[in-house]
Amino acid sequence: MRHPRSQEPAAPDPSARIATLDSLREHLQWAIELEHATLPPYLYALYSLEPDRNPEAVEVVGGVFIEEMLHLALAANLLNAVGGRPQLDTPRMLAPHPRTLPHGDRSLQVALVPFGPEALEMFLRLERPAPPGGPAEGEDYETIGQFYAAIEQGLRQLSEALGEGAVFSGDPARQVSAAHFRHTAGQLVAVDGLDSALAALREIVEQGEGSAGGGVWDGDQDVFHPERGEVAHYYRFQELKAGRRYRRGDTPRSGPTGEAISVDWAGVRPMRHNPRLADHAAGSAIRIAQEEFNHTYRDLLHLLQHAFNGSPNLLAEATGTMYALKAQTQALARMPDEDGTTAGPTFEYPSPESLR
């Protein structure tokens, strides 16, 4: 998903520099919002797949989703380390779909669509590596990697100007550790200084777009197939698009040349594109089910916010909430909607009246 380490990025526009601690905290909150913005489209595509007909696609999309949750936790650790307070239980986390990435390039639209060629192209655009030498961009970023490059530059420059102690002033007890986060081959880095902050950024970068030097591998072992290395997010979606796996010796230029991957394009539930609560009358079966999903999803955001603000043990409860969301989504996907589609979750923040 992110900025390649094969060369230093070009200098950012001076107006985009992260030059103060307040600006750094603001950008790290944006990073939390950015990582969260990838979750609804991945979940929507994941639960549109019929697992018995598309086990490999389920592994890819589900694995990427779990690692995006890891990236969300890493962004929260970074913000906590510099004295910020992660915010997740807020309506701005759930802008209507299709939507843009927070403070990102407005030409990239993130949508709720079932798995298929449209979803794959969206995921490839989301995870696209930054161009070689692309400038660090703290706002209106062309790629997510360029956004993280701006954060890295801000961390380095502020640590040099103010001293690490002034920058990394957060309470270490608010860090989420590997003891609290599992189900991924990635590393959940506890951030207590510049070195660990850079390691956290590197974990996000390499899981998204590959190891330093532009390779397709992220440096971990595949969590589903420990006998082989793990391919970074962008290249996992390239595998599904090409119908073939990467093997050792393959490069971004060569594309995947390994064993075939089967994708049953007919083994996908035809969930409605970008559903909204307003599509159905109040009190209708689909709308009631969508409202129940939205309340459960808001519960997840509430648990994550508290987990990242001093109660990391709540991550276990958040995992349980994810299972409830899966069941609610699968129930919606069995409900006929209009024009041959089925229903789907809307990922809308519940109204203030319904929260009372």
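## Order of elements

Read from the N terminus, the protein chain runs α-α-α-α-α-α-α-β-β-α-α-α. That makes ten helices and two strands. The model is a predicted one.

## Burial, contacts and surface

The protein chain has 356 residues, and 58% of them count as buried. Its accessible surface is about 14700 Å². Carbon and sulfur atoms hold 50% of that surface.

## Packing of α4 and α8

Helix α4 spans residues 117-127, and helix α8 spans residues 233-242. The two pack with their axes 9 Å apart. The angle is about 155°. Angles over 145 degrees count as roughly antiparallel, so α4 is roughly antiparallel to α8. The crossing of α4 past α8 is left-handed.

## Residues at the α4 and α8 contact

Which residues of α4 meet α8? On the α4 side they are Leu 120, Glu 121, Phe 123, Leu 124 and Glu 127. Facing them, α8 brings His 233, Tyr 234, Phe 237, Gln 238, Leu 240 and Lys 241.

By class, six residues of this contact are nonpolar, two are polar and three are charged. Leu 120, Phe 123 and Leu 124 of α4 are among the nonpolar ones, because Leu and Phe count as nonpolar.

Conventions. Residues numbered from 1 in each chain as written. Predicted model: local features only at pLDDT ≥ 70, side-chain atom pairs only at ≥ 80, totals over all residues. Heavy atoms only, no water. Helix = DSSP H or I, 4+ residues; strand = E, 2+ residues; numbered from the N terminus. Buried < 20%, exposed > 50% of the residue type's maximum accessible area, 1.4 Å probe, protein only. Areas by Shrake-Rupley, 256 points an atom, 1.4 Å probe, with all protein chains shown as cover. Axes fitted to C-alpha atoms, helices over the stretch in contact; angles between N-to-C directions. Parallel < 35°, antiparallel > 145°, perpendicular 65-115°, else oblique. Left-handed = near helix turned anticlockwise from the far one by under 90°. Contact = heavy atoms within 4.5 Å.
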